Amino acid sequence: MTTLPPKADLHTPMRTTFDAQRRHASKMALTSADQRIERIRRIQTWIKIHQSDIQQVMYDDFRKPSAEVLLGELMALHAEIKHTIGHLKQWMKPQSLPTPMALIGTRSYFRHEPKGNVLIIAPWNYPFVLTIRPLVSAIAAGNVAILKPSELTPHTAGLINKMITALFPPEEVAVFEGDADVSKALLELPFNHIFFTGSPAVGRIVMAAAANHLASVTLELGGKSPAIVDETADIKQAAGQLAWGKCLNNGQTCIAPDYLLVHQSIKQPFMQALHDTLTGMYRPDGKPVEASDSYARIVNQPHFQRIKNLVDDAVNKGATITYGGRMNADQNFIEPTVLEGTTDDMRVMQDEIFGPVLPVLTYTNLDDALHIVNQREKPLALYIHSRNRKNTQYILDRTSAGDTVINDTLVQFGNVELPFGGVNNSGLGKSNGFFSFQEFSNQRGVMQRDFGTMKFIYPPYTEKVKKLINFLVTYL
Ligand code: NAD
């Protein structure tokens, strides 16, 4: 296990580990698909054996319900591992490409080669899967890796450290626990690729640091993901999906619906269905939500205070709490809270909420709803609840988002075949299955001449050569 000295001396063990990994990177690059799969299986087996430990550390970190550890962390991770093991041989095969007539006598292909030394920086909200899932792809692509889990979920970070120390030599995979200072010190090292999951603000810092070494980056970021519920939506189903999407992990989900745009004509039954669903999920027996073991907590005091400030600011500026609203600072507890009457000058409509607070806005003209979406940064997710194909297509054509789900929420994370990620402020690059493998690989083009030559176009450029060049440009 890597134990860190005081902050001033952070760089020495990192540099030592980084250098050892750099020396080892060429060996990892030469590993076969079977050898990489054997490494991924080590992770798979460890997770199966230690499932209850994984559930326990996340309960200790923020009372994440064990069912949500399975649903939000381990289900996606197992799917990624199985998919990678099943497809890696295919992904590693060189892929031939067509050859233009002018280059007759040559053949072209590309191969995926590992980027080399990679750094994976993870957030706290899904602390296990968002550290280990990119690692699976990094190993699949033949890289060596350093992991930096989040300091806000120390029990999970400690378990990840234990797991990696048990499964890999440090020159192959190593963990450095700690806060932003540890992250910043790591970012000074000349990694070949940085895979960062976290906030857009820190994403900018990571990208600026990567620029010093021209390291490539994958940035899995966040932001305000809207959900549009039009007049044709299945009201009960949409309300249920959105209530679940908002409150899973206590709203601390990057792809949680951040705010809703509901068609005015269905507002009343929709709000009723939303309130009923929230009560059914977290107060089935009429007891306060605090008593529910299906409801996680806000990760720490600063985040509790941040969300409370968002609600206070909205209420002070005229918004109304129409459901929930109770908070308990001692427990970092915030009840599922629905806000109506929010406006753009309120911080809750500016910042990513990242908690169980849901502003509901209404619209009568779809273009007005799209204007609200499009005046903000491009979201990580945009949800559409509609039974009208024309409306759905209209929204898809006039907005941009990392991913869109029609008539559900959050499920995009579960399909490893689907590119997952943001666009601009919500992220750069994609993950999931093959897309992750690609992020951790350099697509190296290779061209080989088997016969023939291009000698006939070399200088001196006589009239005959010029005619030939002209012919090539015109006809081939
Ligand atoms: P964060 O950006 O605060 O922290 C992420 C990681 O960066 C942590 O490991 C942290 O130690 C490190 N870090 C913090 N400050 C740093 C600095 N100044 N320099 C270098 N490293 C630093 O994010 P968070 O609070 O852990 O996570 C919440 C955010 O992550 C939300 O915006 C959420 O939407 C986003 N997120 C995105 C995805 C996705 O897949 N797109 C998934 C989960 C979370």
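## A tour from pocket to ligand

Start by selecting strand β2 (residues 106-114), which gives the most to the lining of the second largest pocket, with 4 residues. Helices and strands here are DSSP runs numbered from the N terminus (helices are H or I, at least four residues; strands are E, at least two). Before going on: this is a predicted model, where local features need pLDDT of at least 70, side-chain atom pairs count only at pLDDT 80 or more, and totals for chains, interfaces and linings use all residues. Residues are numbered from 1 along each chain as its sequence is written, and side-chain values use heavy atoms, leaving out hydrogens and water.

**Stop 1: the pocket.** A pocket is an open set of points on a 1 Å grid over the protein atoms alone, where a 1.4 Å probe fits, with protein on both sides within 12 Å along at least five of seven lines; lining residues have an atom within 4 Å of a point. The space inside comes to about 180 Å³. Colour the lining by class and you get 5 nonpolar, 2 polar and 3 charged residues.

**Stop 2: the ligand.** Which residues are closest to the ligand? Pick out A122, E151, S199, L221 and E352, from a shell of 28 residues; a residue joins if one of its heavy atoms lies within 4 Å. By class, the shell has 16 nonpolar, 7 polar and 5 charged residues. Helix α7 gives the most, with 4 residues, and α7 (180-187), β6 (193-197) and α8 (200-213) each supply at least two.

Next, colour domain 1 (7-221 + 428-444) and domain 2 (226-421): both give residues to the shell, so the ligand lies between them.

Zoom in on the ligand's oxygen atoms. A polar side-chain atom of E352 lies 2.6 Å from one, a polar side-chain atom of K148 lies 2.7 Å from an oxygen, and a backbone N or O atom of G198 lies 3.2 Å from an oxygen. Taken alone, the ligand exposes 840 Å², and the protein buries 91% of that.

Stop 3: Most residues other than glycine have a negative phi, and most peptide bonds are trans. Select L214, in the loop between α8 and β7 (216-220): L214 has a positive phi of about 50° although it is not a glycine. Finish at P460, in the loop between β18 (441-449) and α15 (463-475), where the peptide bond from P459 to P460 is cis, with omega near 0°.

Definitions and conventions
A polar contact is a pair of N or O atoms within 3.5 Å; within protein, one must be able to donate a hydrogen and the other to accept it, and residues adjacent in sequence count only if both atoms are side-chain atoms. Accessible areas come from the Shrake-Rupley method with a 1.4 Å probe; for residues, only the protein chains shown count as cover. Ala, Val, Leu, Ile, Met, Phe, Trp, Tyr, Cys and Pro count as nonpolar, Asp, Glu, Lys and Arg as charged, and the others, Gly among them, as polar. Domain bounds come from an automatic or database domain assignment. Grid points are joined across faces, edges and corners, and a volume is the space filled by probe spheres set on the points.
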